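Me: I would like to go through a structure with you, one topic at a time. Could you take my questions as they come?

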Amino acid sequence: MSEQGKGSAPASAAAPAPGSDTYKGWLFKWTNYLKGYQRRWFVLSNGLLSYYRSVDKCFMRICAQGTDRTQAEMAHTCRGTINLATAHIDTEDACNIVLSSGGRTYHLKASTEVERQRWVTALELAKAKAIRMMNDQSDDSGDEEPTSQSDRSEIQGTLKILVSKLDDLSTCNDLIAKHGAALQRSLSELEGLKVPVEGGEKIKAVNERATLFRITSNAMINACRDFLDLAETHSRRWQRALQYEREQRIHLEETIEQLAKQHNSLERAWREAPTLVSTAPSAPTANKGGSERLHKEEASDEDENTEYFDAMEDSPAFITVTATENTQQRRSQSNLSGASGSQPNHWNQDDHMSPSFNDVSGKELQPRRQRRTRVPDKPNYSLNLWSIMKNCIGKELSKIPMPVNFNEPLSMLQRLTEDLEYHELLDKAARCDSSLEQMCLVAAFSVSSYSTTVHRTAKPFNPLLGETYELDRQEEFGYRSLCEQVSHHPPAAAHHVISQRGWTLWQEITIASKFRGKYLSIMPLGAIHLQFHSSGNHYVWRKVTSTVHNIIVGKLWIDQSGDIEIVNHRTKETCQLKFSPYSYFSRDVPRKVTGMVADSEGQAHYILSGTWDDTMESAKIIHSSRGGSGSEGKQKTVYQTLSPKLLWKKYPLPENAENMYYFSALALTLNEPEEGVGLTDSRLRPDQRLMEEGRWDEANSEKQRLEEKQRAVRRRREAEASDAVDEGKEYEGYQPLWFHQRRDSITGETNFVYNGGYWEAKERQNWSMCPNIF
């Protein structure tokens with residue numbers, strides 16, 4: 001440890017006696033193992049020990065004179081401060097001092113043992129005074145931090161009281177001096193009279209006591225005057241320090257807001273720039289497929305400044321090898337996207353599939369009714385999350401109204417209905433003769449529900465209790481869908497879909513979320529059931545975790561991660577899907593999904609690969625063998641497969657989608673007004689409709705009205721429940737209108753299932769049973 005600079009300057013400069021209020025001087029402070037001890041200028045004042053890297057001669061002369069000391073110190077950058085009221089002072093050897101407070105430790109060294117002892121004495125005295133002042137102030141301190149104006153008024157009011165009290169003491173001092181002088185004159189006159197000796201001694205003693213009384217009163221007045229001067233000095237210092245902290249806080253807020261604006265500007269510039277990815281045909285060649293992937297990685301939303309999570313999975317436990325038709329050469333693949341470089345074929349071009357599997361009617365893709373293809377453009381309001389959060393500090397979270405600026409004009413029920421965008425996958429699966437082929441299409445359908453989330457970072461509206469949403473596409477696509485918000489705490493929605501093309505889907509989804517500071521994890525709870533009418537195959541699976549990154553500052557982006565297990569409870573066949581979390585250091589394709597379809601004995605038949613935002617492929621396994629050991633010594637299985645077949649590909653987004661909340665073609669029609677829907681349908685929700693029309697201020701007011709109305713209804717139900725308990729009666733509580741609870745025979749869980757009656761009520765146009773929630 002070096003002690004450079006020890007003799008370059010005196011150990012202290014302009015250092016008053018340790019018993020005074022301030023103490024200054026040079027000490028050596030330990031920095032690191034490379035630089036050792038470095039000389040720093042330390043200032044002890046008002047229970048705070050601060051140090052500076054360097055000071056000039058003018059600064060030292062000002063400090064020595066004691067004039068405008070605080071302003072001179074504020075002109076130099078303070079490198080650190082320790083509050084002695086909570087500090088621990090220790091001495092290691094003849095010249096060392098160790099200060100520790102709040103997880104910080106200062107190792108200091110004085111030039112001499114005498115100088116070290118002076119500092120220790122000054123520090124101990126300052127610590128005792130700081131503790132005493134802290135205890136005195138704790139009784140008067142409030143729970144809330146005063147605002148700038150109230151703080152200043154309080155200090156000035158205190159000073160006025162002190163001044164008035166000092167004036168009273170001065171008046172008393174004048175009266176004491178006046179009466180004391182008169183008393184002394186009277187005593188002096190008594191001494192001049194001829195009185196006995198004993199009486200003269202008593203008069204002399206009274207005169208001495210009067211003199212002591214006058215001296216004491218003068219000392220008291222002087223002490224009060226010193227106290228007032230000290231209070232004024234400290235008040236000015238506190239005001240400067242408080243003003244400095246406020247300026248720093250404002251500067252920090254402005255910096256963060258400016259950073260958020262820069263991010264928004266970069267985002268807009270990126271949107272306006274010409275796209276790097278050209279429209280590719282459904283069956284790209286090998287070279288073009290490689291260039292597509294390269295362009296996709298280059299145009300990725302993420303940048304090197306974004307914080308990412310490392311992939312949690314190990315290397316795949318198996319390797320796929322594609323068998324060519326002519327040479328049957330094996331080509332090892334390092335990941336499950338397998339033969340992405342080869343030409344993928346569509347399912348209906350596969351000679352190995354059942355004839356019924358490949359039969360696709362062209363009528364399915366031709367809607368019979370013309371529906372809207374756009375919504376009003378999203379207004380360009382400059383608002384970020386930080387500007388709202390900074391005004392909500394210290395408030396109860398449940399009472400913070402979140403504006404519609406962070407929403408999209410769809411409810412959570414409508415977002416849940418978006419899972420049906422690729423319903424044709426289920427139509428194809430219903431015509432499959434092979435349950436394993438059917439499982440591949442069901443797996444592709446489970447992945448396709450995430451394709452709309454890649455750009456959809458806005459939050460959907462939270463449905464009101466009893467809110468419903470219907471999607472009647474029976475004429476166009478043969479299915480009818482109904483959602484209802486069945487619970488508010490916790491929020492839960494029930495969904496039921498029945499199709500004339502041979503399948504029924506139902507689910508109950510409860511959303512659980514955890515805020516991790518920089519990102520938000522959204523965990524859907526509940527099982528999804530799918531049953532095919534002809535075969536009786538009953539599939540059950542659950543959703544993966546969605547993560548929203550850059551919550552506070554930066555561009556929001558969404559990732560999906562976790563595992564999905566799809567089980568056919570009739571045949572016991574399974575499909576394992578793995579959603580790989582994005583990793584900046586991974587060489588894999590972003591948003592990768594891999595999987596395997598196995599029979600009831602656990603033997604693999606299909607390898608699935610793709611991405612959850614674009615495509616899913618399937619490759620039929622024709623041979624498997626045990627391969628060599630992996631990097632961790634685990635033996636891998638090598639699967640020889642046929643060329644991959646395209647299961648699913650995402651539809652391109654509509655034109656101008658970036659200005660329409662990145663809605664898909666189906667999402668654009670979800671909030672389109674329709675006649676004859678239930679009175680609780682999301683299309684009739686006023687705040688959502690106002691937001692879609694671009695009237696966001698009115699939407700915010702309407703949103704607060706609806707939320708307050710819902711709270712009032714909940715309070716009324718709670719009061720009714722309390723009255724029923726007091727009367728010894730049973731209170732049934734809220735019951736959904738179109739769904740009821742039952743225990744599922746497969747999962748063993750209690751969930752909500754459709755009890756019928758909605759579509760019959762729609763035909764009769766009898767909505768008298770619907771509550772008034774809007």
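Reply: The answers below concern this predicted model.

Me: Let us begin with the sheets. What is the strand order in the open sheet of 7 strands?

Reply: The order is β4-β3-β2-β1-β7-β6-β5, and the pairing is antiparallel.

Me: Which strands stand at the edges?

Reply: The edge strands are β4 (78-83) and β5 (88-91). Each has a single partner strand, so one side of each is left without a neighbour in the sheet.

Me: By how many degrees are neighbouring strands of this sheet turned against each other on average?

Reply: The average is 35 degrees, with direction ignored.

Me: How many bridges join β2 to β3?

Reply: There are 5 bridges between β2 and strand β3 (residues 48-52), and the two strands run antiparallel. Within this pairing, V43 stands opposite S50 in β3.

Me: What about the loop between β2 and β3; which residue is found there?

Reply: N46 is found in that loop. Its phi is positive, about 55 degrees, although N46 is not a glycine. N46 counts as partly exposed, with a relative accessibility of 26%.

Me: Where is N656, and what is its phi?

Reply: N656 is found in the loop between β26 (645-649) and α11 (665-670). Its phi is near 65 degrees, a positive value in a residue other than glycine. The relative accessible area of N656 is 21%, so this residue is partly exposed.

Me: Changing topic to aromatic rings. How many aromatic pairs are there?

Reply: The count comes to 17 aromatic pairs. One of them is formed by W26 and W41: this pair is edge-to-face, with 5.2 Å centre to centre and 70 degrees between the planes.

Me: Why does that pair tie together parts that are apart in sequence?

Reply: W26 lies in strand β1 (residues 22-32) and W41 in strand β2 (residues 36-45), so the pair ties together parts that are 15 residues apart in sequence.

Me: Are W26 and W41 buried or exposed?

Reply: Both W26 and W41 are buried.

Me: Which residues form one aromatic cluster?

Reply: W738, Y758, W759 and W767 form one such cluster.

Me: Which residues line the second largest cavity?

Reply: The lining consists of D419, F445, S446, S449, Y450, L505, Q507, I528, W541 and K543. The elements that give two or more residues to this lining are α10 (435-448) and β15 (503-515).

Me: Next, β10. How many of its residues are buried?

Reply: In strand β10 (residues 407-411), 5 of the 5 residues are buried, so the strand is largely enclosed by the rest of the structure. Both faces of β10 are covered: N407, P409 and S411 are on one side, with E408 and L410 on the other.

Me: Which strand do bridges join to β10, and do the two run parallel or antiparallel?

Reply: 2 bridges join β10 to strand β11 (residues 459-461), and these strands run parallel. N407 stands opposite K459 in β11.

Me: Where does L464 lie, and is it buried or exposed?

Reply: L464 lies in the loop between β11 and β12 (468-473). At 4% relative accessibility, L464 counts as buried. The C-alpha atoms of L464 and S487 are separated by 9.0 Å, while these residues are 23 residues apart along the chain.

Me: Is the peptide bond from H489 to P490 cis or trans?

Reply: That bond is cis, with omega near 0 degrees. P490 is found in the loop between β13 (479-487) and β14 (492-499).

Me: One last residue. Where is Q576 found?

Reply: Q576 is found in strand β21 (residues 574-579). With 40% relative accessibility, Q576 counts as partly exposed. Q576 and L608 are 32 residues apart along the chain, and their C-alpha atoms are separated by 9.3 Å.

Key:
Residues are numbered from 1 along each chain as its sequence is written. This is a predicted model: local features need pLDDT of at least 70, side-chain atom pairs count only at pLDDT 80 or more; totals for chains, interfaces and linings use all residues. Side-chain values use heavy atoms; hydrogens and water are left out. Rings of Phe, Tyr and Trp (its six-membered ring) pair if their centres lie within 6.5 Å; planes under 30 degrees apart count as stacked, over 60 as edge-to-face and the rest as tilted. Helices (H or I, at least four residues) and strands (E, at least two) are DSSP runs, numbered from the N terminus. Buried means under 20% relative accessible area, exposed over 50%, partly exposed in between (1.4 Å probe, protein chains only). Two strands pair if DSSP finds at least two bridges between them. Axes are lines fitted to C-alpha atoms, for helices over the stretch in contact, and angles run from 0 to 180 degrees between N-to-C directions. On a 1 Å grid over the protein atoms alone, a cavity is a set of points where a 1.4 Å probe fits but cannot get out, and a pocket is an open set with protein on both sides within 12 Å along at least five of seven lines; lining residues have an atom within 4 Å of a point.
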